[in-house]
Amino acid sequence: MIESLEAAVRTYLDDNKVSMILQAFECAKDAHEGQYRRSGDPYIIHPVAVAKILAGLHMDHETLMAALLHDVIEDTEVTKEELAEQFNDTVADLVDGVSKLTQIEFKSKAEAQAHNFQKMTLAMAKDIRVILVKLADRLHNMRTLGPLHAEKRRRIATETLDIYAPIANRLGINSIRVELEDLGFAAMYPMRAKYIGQAVQKLRGNHNEILADIQHCLEDKLKERGINAEILGREKHLNSIYKKMKYQHKSFHEIMDVYAFRIITDSEDDCYRVLGAAHSLYKPLPFRFKDYIAVPKANGYQSLHTTLFGMHVNIEIQIRTKDMEDLADYGIAAHWQYKDESDLALANQARIDRWLSGLKELRERAVDSMEFIEHVKIDLFPDEIYVFTPKGAILELPAGATPIDFAYAIHTDIGHACVACRINKQLAPLSVPLQSGQTVEVVTAPSAKPSRAWLNIVTTGKAKSSIRHYLKDQREAESLALGKSLLDKSLSGINVSWKDIPEAQIQKVLEHNQAESMDVLLRNIGLGQRMPFIIARQLMSDAIQDEAENEAQDTSTVSMMIKGSEGMNLSFAHCCHPIPGDPIVGLPDTGSGITIHSEGCSKIMNLSNNQVQMHLSWVKDITDEFTVELKVELERQRGIIAELAAAITHAEGNIERIGVTEQNAKLSVVSVVLHVQGRRHLARVMRRIRSIKAVLRLTRVISK
């Protein structure tokens, strides 16, 4: 059992490190004594298999020791402290990072998985080797799913395809990623995997003959050019075939009619010479060439990709150096193989560090595990596009990214302040999806701020996280300001000032309302969760009590001036569309702040006597626009809607929506939603509408 692992590690580790690995094996074997897997095999087989997978990646001795010990903290009596004492702190930390979560009661399996993933990324940021052990652990579990019942197999396979395979891809570990995808596909869709596998096997004989002919022609051409290279045929993987059939709507034979090769060369210069030789032998297909050597993928992958047509078939060729091949197979694990810290390994390490830094930022800003995993899954990892800054720097973004994503990728502050963009020096909307090769310039303004609507436009986790974080902070600041204003008004209404209130009384009120600080209490008032006049009475009263019976009488003491631009915690009711000049009242809406209604609104008229209302009034000289709805009854005539729209436009009204709600042979009823600056402006618009001869009746819709 241990012999094959020992033989594998002796090929690249010295005797001292091998003996430490064997010591870890003995510890794990003793700890798991008497434990068995579902298959009936001794449990120690699993950690040894995990270590073998990592030895195949040539991982360092501490990672292999952690792999052998990765379940001892969770499943045995051995503690982290004992591991640190017997081995070292690094091994103990790695084992602790990989250990499964202690079972916590979550609302759903999805939440449990999200929390588990969040913990994993935290450990990953401390030491990337944690995730390598976890990936190897998951790979061996996927290889041995057989004894589990079907539902559990599907759940583990779904998690593997959603999280672990994309992480392996993001870290560039192709060898593990491909096997995880194929095993996950076979567990999710066993019959589909079986039929596709049988079809591939059936085609293999004829397929291999054509592959051999093409390979022979390529070898002759490279020999003729004096280029030293190794040519390998590439097998198509089952999951890859299935995804192309499902998402690209290709038939099985369309996919299998493409013959794939990988050519490994000695140097980067030779890669381009091989490309020239291949293009001289077969005709390249337009728009099918990609240079990932000049512009590597986000996970560090480098290669030349080209598709050719020859011998009546399509031929896909990937061209790369031996170092690039190792990096494609082992990804971040290749970092431990390069003793001389090659430029390729260092560049890839820098990319992974940037990704981990981004994960840390997302985790800090996410409200909960579910939001965090939503952001990360966006980045794990769709096809990339490559766009340029005005200075020529290349930026990698996921396909479908917009100029807003581009702005946030440069810097969070630039994203917050962006108001427009230029794509290839032409003004363009912020919502337009970017294409590879475009040069993007962001236009900013100091007073600009993100809009909630941007959340429906952006695609990257960083942009979504940054916007949500900003809106949350803005809402809290606005709640605080509104709460303070309301409480100040209530205190002045009963002739009390802050200096009259002793600190001890303030602390009593905070304790009574379960608020950690006065800021928290003021935010609760601004969000409509506490009534300002009740808090005011509590602040001036020796005996704190909820004065619910006095609510109806006390509402008259709360008045406030409305200017129309207070922010997210003051909203205008859609039922009555109040505008400047209308008598208005405010209804506290728990968690949302205050909703402003017209006094004549049916919702206000139907309120019970003890329900809280706030008496509000408008400030003078409001320049903002407000929504109002009109109902117009008129005679049916050709072009009457156009005439109505023109009349509103002449009165400087801004139409949001216009449509016919009822009509018969002679009459039409038209609903118009427009923006005006107040009652005087509305009166001017209505006079202009009444001047149309066909108009029979015009009313403003106050309530629905």
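**Questions on a predicted chain**

Author: In the protein chain, 68% of the contacts with a separation of 6 or more are between residues 24 or more positions apart, where contact means heavy atoms within 4.5 Å. This is a predicted model, in which local features need pLDDT of at least 70 and side-chain atom pairs count only at pLDDT 80 or more, while totals for chains, interfaces and linings use all residues. Residues are numbered from 1 along each chain as its sequence is written, and side-chain values use heavy atoms, with hydrogens and water left out.

Reader: What does the protein chain average in pLDDT?

Author: pLDDT is the predictor's confidence in each residue, from 0 to 100. In the protein chain, 83% of the residues score at least 70, and the average is 82.

Reader: How many contacts beyond four places in sequence does the model have for residues 543-558?

Author: The pLDDT stays under 50 over this stretch too. For residues 543-558, the number of contacts beyond four places in sequence is 31.

Reader: What share of the residues in the protein chain is buried?

Author: Buried means under 20% relative accessible area, exposed means over 50%, and partly exposed lies in between (1.4 Å probe, protein chains only). The protein chain has 704 residues, and the buried share of them is 47%.

Reader: Which strand is included in what covers the buried residues of H23?

Author: Helix H23 spans residues 518-526, and its buried residues are Met-518, Leu-521, Leu-522, Asn-524, Ile-525 and Gly-526. Their cover includes helix H21 (461-493), helix H22 (503-512) and helix H24 (532-540), along with strand E15 (593-598).

Reader: Is His-249 buried or exposed?

Author: His-249 lies in the loop between helix H13 (238-247) and helix H14 (252-256). Its phi is positive, about 55°, although His-249 is not a glycine. Because the relative accessible area of His-249 is 68%, this residue is exposed.

Reader: Where is His-312, and is this residue buried or exposed?

Author: His-312 has a positive phi near 65° and is a residue other than glycine. Its place is in the loop between strand E5 (304-310) and strand E6 (313-321). With 76% relative accessibility, His-312 counts as exposed.

Reader: Which residue has its backbone oxygen 3.0 Å from a polar atom of the side chain of Gln-302?

Author: Gln-302 is in the loop between strand E4 (290-291) and E5. At a relative accessible area of 12%, Gln-302 is buried. The backbone oxygen at 3.0 Å from a polar atom of its side chain belongs to Ile-293.

Reader: How many residues apart are Arg-138 and Glu-159, which form a salt bridge?

Author: A salt bridge is a side-chain nitrogen of Lys or Arg within 4 Å of a carboxyl oxygen of Asp or Glu. In the bridge between Arg-138 and Glu-159, the closest N and O atoms are 2.7 Å apart. The pair links distant parts of the chain, with Arg-138 in helix H9 (residues 129-143) and Glu-159 in helix H10 (residues 150-170), and the separation is 21 residues.

Reader: Are Arg-262 and Glu-325 buried or exposed?

Author: The side chains of Arg-262 and Glu-325 meet in a salt bridge at 3.6 Å, N to O. This pair links distant parts of the chain, 63 residues apart: Arg-262 is in strand E2 (residues 258-265) and Glu-325 in helix H16 (residues 322-330). Relative accessibility is 18% for Arg-262 and 9% for Glu-325, so Arg-262 counts as buried and Glu-325 also counts as buried.

Reader: Which residue is linked with Glu-6 and Arg-10 in a network of salt bridges?

Author: Glu-6 and Arg-10 lie four residues apart in helix H1 (residues 2-10), about one turn of the helix. Their side chains meet in a salt bridge of 2.9 Å, N to O. The network that links Glu-6 and Arg-10 also holds Asp-15.

How values were computed
Helices (H or I, at least four residues) and strands (E, at least two) are DSSP runs, numbered from the N terminus. A polar contact is a pair of N or O atoms within 3.5 Å; within protein, one must be able to donate a hydrogen and the other to accept it, and residues adjacent in sequence count only if both atoms are side-chain atoms.
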